[in-house]
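Here are a few notes to read alongside the model. Have a look at it first, then go through the points below.

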Amino acid sequence: MITVIAQSARIARTISYALGADFEYNGYYANEKYFITWTYGHMVELSAPGMGRDFWLSNQSFPILPESFPLTHAPSQHASGRYMPDPQLAVIKHLLEKSRKVILATDPTERGDLMAGYLLRFLNFEGKVVRVALNDLMHETIKNAITYPSDNISGFADNLRQLELYDRMDWLTNLNINRAIAFSVGRNTYPVSRTSLPILHLVAEREKAIKEFSPKKSVIPTITVRDSDGGVFSFRCSDEWDDIPEDFNEAVKAGAPVEVVSIETEQVDTKSPKLLNIEELQKMAALHFGMDPLETYLIARGLYEKKRISFPGSSRAGLIRRDFDDFKKDVYPAMCNAKCFKSLMGDNYSPYYTTSAKSLYNRPHGIVLTAFPFVGLSDDERKIIYLVGRGMLATFQRSFRRNVTKVTLACGGYTFIAKYVKVVRTGWVRLFDDTIKSSRAVPNVEIGQSLTVESVGEIGRTTKQPVPMVDFTLLKTALSLHEPDCRENVVKDIRYLRSHGYLHRNLAGEYSLTEKGQSLAYVTRDMKIASADDIKFWDSAVYQAATDQLPESVFNDILHKYVTDVTNELLASHKLSKPMGVEEVCPKCGHGKMRIFGKIAKCNNPECGHYIHRQIQGVTLSSREIHNLLSIGSTSTIRGFIGADGKPFAGKVTLDDNHSPIVIQVSK
């Protein structure tokens, strides 16, 4: 038998219809060849050894850096108890024991790949595995994908390795920074995640910019000249000042000589945009309709399961030619009969298979319309259908072509520039802007020609006050923090900040920090964990480790140092816990002062930053013992240390060659 694993019960039912699996059982469908079952997404997750329910308060070691990452079942709302596995896990395990082959038809996303890989490993399946991408739920697509699956398991395995490294990094970082905050101010006071904190600070920085805004005025001088045909043309100075300098007024005035320095003309082609992916769809929905990005995804996901659009994924690979021909044959005629699309297309529109529509990997992910007519849809669903359709029409249209001529003049030692645009072909842009017009003719002048200033003027500019971030601007900026292939969870990060009470979104879609969000932003301001620059660094590092460009041992060393640094930075924050006791000279640099905090002593010299954990081998050193360690190099005898054999012993704490604490046993 072959087991097909879908992402949800609804999709599994659709697959069962397409494959003729008429027998319905508890948790799966079946026929003589296939078992068709489903997951609930997040059913298996990482777990470190020895981390039970009391881990947060019983274990005071920092940071936690386990050597292995076993899998465990995730908490499930379908289970009878909070810590019980999902009942569907038992169903899938039962089916896998009877199967020689598994076809993974879960969501064609990074998260879908990771969850499917974790599931098979947790259930110890050793048979053949095939990964298929059901980018739409039309019966013909399902039959072709399941019956004739492509053997792409090597690509799936490579992608899975990268996703596991990413998940492990997030798990390690989030666990340790949350425990550091919990031990400083209390559990669940400020639950945070590595990738959501920089987004919080984007909003904080915008609020600060609004509060501290002071308008600035500037002036750009202009001149007018006559060309050889007597036409008058205006040129702007390339410099901009708060006040025009006196020497400029003396050199540039009516009657002053002007020389034509250069005339540059180039043809500029703006290719048609690629098909929308979920991030672009969310941005467009927020920009045009003020829709919440999470709401947009849920609506798009619902339309996918209703067979109206293809999967709302994050890839923009495009369409193969065969799919475009199907679109032109089936979908396009229906679009021509829809008023919203007919008004966009006008009378001269014709679909054109552009390079923007091509898929290099024969695995189309761009969102497209798959079924008509528009019946039984809500207003919001119609909005999403409109945006997807408009994106398709733009993709299947020629480029926007224009000739741009730049004329440069020199007068009195200053440069003046003017650009003239002549539209050659409106192409796809006319779907978005029907007011595009060609500029007036280029002035009839030649390089080296002498002209005369007819008049001098100026253009005043005043900086505009920043406005609060809205769905579109926040999503666009947050997406730019990541590498293009690592943007799948940005909306989840924004949702995380909202659900934990850090961000508030009003009815106009404007974001602001709550009182709790302001407190967290104040605490983590200027900390490494809130740095936006680190996000792209780790996106790149994970990819290099997964593709063997960076040895995994080196990656782990870098990761462990990063986790240690951000954890210690939080533990040593005076905003979370006040320093205690007398400050001692740092044993490492000899200049800074070691400040004692709740769980750590850290040097206040930013060039050093040396730290000593107060918890060592089961004993938390008191401020007096830390004082003795730093001042005389050793503590008195302390009882209660736990040895490698699990037995207690007495010992003294001293400093090694790296100025880190070690325990010297003095008795059994």
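1. Which residue's side chain meets that of Arg505 in a salt bridge? The partner is Asp471, at 2.6 Å from N to O. Bear in mind that this is a predicted model. Arg505 sits in strand β15 (residues 503-505) and Asp471 in helix α14 (residues 471-480), 34 residues apart. Both Arg505 and Asp471 are buried.

2. There are 21 salt bridges in the structure. One of them pairs Asp548 with Arg161, with 2.9 Å between the closest N and O atoms. This one links distant parts of the chain, 387 residues apart: Asp548 is in the loop between α17 (533-546) and α18, while Arg161 is in helix α6. Asp548 counts as exposed because its relative accessibility is 58%; Arg161, at 27%, is partly exposed.

3. Arg226 and Glu454 also form a salt bridge, at 3.6 Å from N to O. Arg226 is in strand β9 (residues 217-226) and Glu454 in strand β14 (residues 450-462), so parts 228 residues apart in sequence are tied together.

4. On to the inside. The largest nonpolar core has 81 residues, and Leu104, Leu120, Leu200, Leu474, Leu503 and Phe555 touch the most other members. Helix α6 (residues 153-185) gives the most to this core, with 13 residues. A second, separate core has 67 residues, among them Ile2 and Ile36.

5. Now the surface. Phe537, Val554 and Ile558 make a nonpolar patch of about 230 Å². Ile558 belongs to helix α18 (residues 552-571), and with 34% relative accessibility it counts as partly exposed.

How values were computed. Residues are numbered from 1 along each chain as its sequence is written. This is a predicted model: local features need pLDDT of at least 70, side-chain atom pairs count only at pLDDT 80 or more; totals for chains, interfaces and linings use all residues. Side-chain values use heavy atoms; hydrogens and water are left out. Patches are made of residues with over 30% relative accessible area and no salt bridge: like charges are joined within 9 Å, nonpolar side chains (Val, Leu, Ile, Met, Phe, Trp, Tyr) within 5 Å. Accessible areas come from the Shrake-Rupley method with a 1.4 Å probe; for residues, only the protein chains shown count as cover. A salt bridge is a side-chain nitrogen of Lys or Arg within 4 Å of a carboxyl oxygen of Asp or Glu. Helices (H or I, at least four residues) and strands (E, at least two) are DSSP runs, numbered from the N terminus. Buried means under 20% relative accessible area, exposed over 50%, partly exposed in between (1.4 Å probe, protein chains only). A nonpolar core is a set of buried Ala, Val, Leu, Ile, Met, Phe, Trp, Tyr and Cys residues joined through side-chain atoms within 4.5 Å.
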